[in-house]
Amino acid sequence: MSTEKTIDRLSAPPKPGRWIMPGLGLIQGLVISGKNAIQSYYKKDRMTTIQYPEQRAVISPNFRNFPFLCYDGDAATGLRCTACSICENECPPQCIYIVLERDENGKSLKRPKVFDIDISVCMNCGICAEVCPFDSIYMDGEYEMSTDDRFGGLMLGLDRLAKSAEYHMKLRPEEASAVMAKRKAEEEKKAAAAAAKAAKAKADLEAKAKAAAEAKAQADTEQKGESA
Amino acid sequence: MIFATVPFPSFTLESLPQLPKLLVEWLLTLVGAPDWLVIIGGTAAMAGTVVGVFLSAFALLSLVERKTLARIQNRLGPNRAGWFGILQPVADGIKMLTKEDIVPTKAEWLLHLAAPILIVVPSILALGVMPLGREWVPVNMELGLLFFFSVGALTELSVFMAGWASGSKFPMLGAMRAISQMVSYELPLIISALGVIMVTGSLRLSDIVAHQEGFNFGIIPNWNLFTPWGFAAGLIFYIASIAEANRCPFDLPEGESEIVAGHMTEYSGFKYALFFMGEYLGLFAIAGLGVTLFLGGWQAPLPFLGWVPTWIWFFAKLAVIIMSYLWIRGTFPRVRIDQLMRFAWLCLIPMALLTIPAAALWVFTGKGIVSWVVTVPLLMIPWVILTILFNRRLAPATRTYTFADS
Amino acid sequence: MIPLLILSPLILLAALGAVWKARPVHAALLLALSLALVAVLYLTIGADFIGLVQFMVYVGAVAILIVFSLLITRPSDEAEEIQRRPRSMVTGLICTLPVLAVLLIALVKGDPLTLPAADAPPLSIARLGELLFTTHAPAVLAVGVLLTAVMIGAALFARDIEKPKSNQPEK
């Protein structure tokens, strides 16, 4: 840009003995700010203000705020979380509170009865999402969460934390599709392993039956030889 | 009561601003008031008109300034209070009025109260002698220009009072800087006005405006700015007026990032609003004086535009000058106190002193081509010498950088 | 007559306050007030030029000078320190008695109670300027020389104070 080059040339310290008309640099500065002011009316890159709340800024996919729990299909039955409490133990400000659901005999149902996150304490570090072994807790991107309820409004329970896998896909397509592919591969592997195990068990059973039949046949011939 | 029959006053578009005064005088004579009451009523109406006009201009300017500065800085200004933010000054006024008025315990409450009042009063007084139109000079004093500078002197004393009466360090520092700046720049201001007084031969501001009527070569107005000494004096007056009004780049006294708010630090609520108002009204006054002295006051710029009322020309020129102040505010950084003082004493005062012999020579040699040939070198050669000296002595030294890993 | 009767007690009170007030800033501001009231007095008797110039020079320059020196030197405001400042009756009398004598002589000889003729024309600015630069030119030039000498002396004085300090860091 010629304006910038002229400014560079003019704001260099003057060589001794060379007279520059004072004030030219000032006029260059005035021209730049005048250009800014006039072009801000019709050029997009000269007016960077976004008029909230009528317009909202585009947030990047890497933006993370508070956590949410992922479920496949139905919130009541498809919740991936098994209440293992790893995230509760790893959370640095200790803002997660989990109570495991047990049946009447005391056996764990691998489901959380209570899952509370105090988002006024949460520091958005994402450690809970990193350590979860069941792909169930991820970082959300919602930021308009202000409330006027001082004492309970910022304590999110299971009803507000549970969000569907489709929501996860919309929020972070890359991460969600990677997780879905991984889960599908795992399921297929499990199914293949189960099928292989079933086939092996069936083969074992057949082999055992065959061996038992052979042993019985041999015992029969021995008995017949003795009596003749 | 004797209801005398007094005809309804006649007025034209030119004398429209006189209408309140004429109406009040007509009403008072209609109900038969004594003469002195009519005069007092008329004068009060005249003063009320001027104050009302300039206070609404102040309110408008506070919004226009914020929006202009915002556009220069790539952002929108206030646009939530009303359509395009037009009610923002109202919101500001309500905010200032409802704020708690805090007076520190170490402060002298009487001086603390008197200082904002004594800053607004000189500005309003100075607006009273300004020729705002051919038929609209609120007080046509014979010594109008001298009156203007005398009440300007009161502003400096009240800045000191504001700074000292607050009883804390930031205001004292700010007041010291403010007074030294205002005193230093008052000299070029007054000296550059001396040339105009010499050429016009009168201190009456309406005479100065009337002296600048007419057009050279049919198209160029006969304003003082279009003469060599007038151009130099006008430029010096312009720079000194920015410094007198404590505007950026000379706003050290109220530099927000340095000494909080300078002499206005310990003021809250309406007293702060009064400081604000005093500063802006002072800006109007001094810009108006610049328009009167150098830009021909209420004269029209082109001969065929003479049908427009003269007070519109005055306010149009005033608006142009004020917009240039805003533009400068949004562009330049603040000058340091030593740069400021050096600029005033070593550059502006010698150049201002040179405009006086230049103006005298201009008149002696008949205001023609000869005058141009004589006065332009008289002004340009010392200017060139001065700037060469500045470059040699005061230019920043070439920086040498030594890096850690070398 | 009425403005004189109203203003003179105020001026005297302000001047007395300027002399008697213990705190320096109060004294300085009361001095400025008394000078401003004197300017108002000039304006009421029709001496417009002198009145406005009195305001501009005294309130706008001399009072500012006093106030500025107070800001820089910061004399103490405490009551005990003010009591301990040296005061001398003799010095005071030596300074004030000659001034009082001159004023009284001027008062008695000048015949103040006869007013000038009613039809005397007021002094116009142009006439004042002519008188200053023709009849009274030597006085004006002498004052100009005096002020120039004062300014040069002040500049040299400030420079002398600066010089020894700048010679110190020589390594």
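This is a predicted model: local features need pLDDT of at least 70, side-chain atom pairs count only at pLDDT 80 or more; totals for chains, interfaces and linings use all residues.
Which residues is A:Ser40 in contact with, leaving aside its neighbours within four places in sequence?

Residues are numbered from 1 along each chain as its sequence is written, and chains are lettered from A and ligands numbered from 1 in the order in which they are written.

**Figure 1. Surroundings of A:Ser40.** Leaving aside neighbours within four places in sequence, A:Ser40 is in contact (C-beta atoms, placed from the backbone, within 7 Å) with A:Arg46, A:Met47, B:Arg71 and B:Asn74. A:Ser40 lies in the loop between helix H2 (24–39) and strand S1 (67–71) of chain A. Helices (H or I, at least four residues) and strands (E, at least two) are DSSP runs, numbered from the N terminus. A:Ser40 is buried, as 21 other C-beta atoms lie within 10 Å; the term buried requires 20 or more such atoms within 10 Å of the residue's own C-beta atom, placed from the backbone.

**Figure 2. The side of chain B that touches chain A.** Contacts join 18 residues of chain B to 16 residues of chain A. Helix H2 (35–72), helix H10 (310–331) and helix H12 (369–394) of chain B each supply at least two residues of this side, and H12(B) gives the most, with five residues. By class, the residues of this side of chain B are eight nonpolar (Ala, Val, Leu, Ile, Met, Phe, Trp, Tyr, Cys and Pro), three charged (Asp, Glu, Lys and Arg) and seven polar (the others, Gly among them). Of the two pairs of chains that touch, chains A and B have the most contacts. Chain A and chain C do not touch, and their nearest C-alpha atoms are 26 Å apart.

**Figure 3. Secondary structure and extent of chain A.** Chain A has seven helices and six strands, which run α-α-β-α-β-β-α-β-β-α-β-α-α from the N terminus on. Because its radius of gyration (over C-alpha atoms) is 35 Å, well over the 17 Å that the globule rule (2.2 Å times the number of residues to the power 0.38) gives for 228 residues, chain A is more spread out than a compact globule. Of the 228 residues of chain A, 14% count as buried.

**Figure 4. Confidence in chain B.** The pLDDT (the predictor's confidence in each residue, from 0 to 100) averages 87 in chain B, and 96% of the residues score at least 70. In chain B, confidence is highest in helix H8 (residues 228–244), at 94, and lowest in strand S1 (residues 215–216), at a mean of 82.

Methods:
A residue is buried if 20 or more other C-beta atoms lie within 10 Å of its own, exposed if 12 or fewer, and partly exposed in between; C-beta atoms are placed from the backbone.
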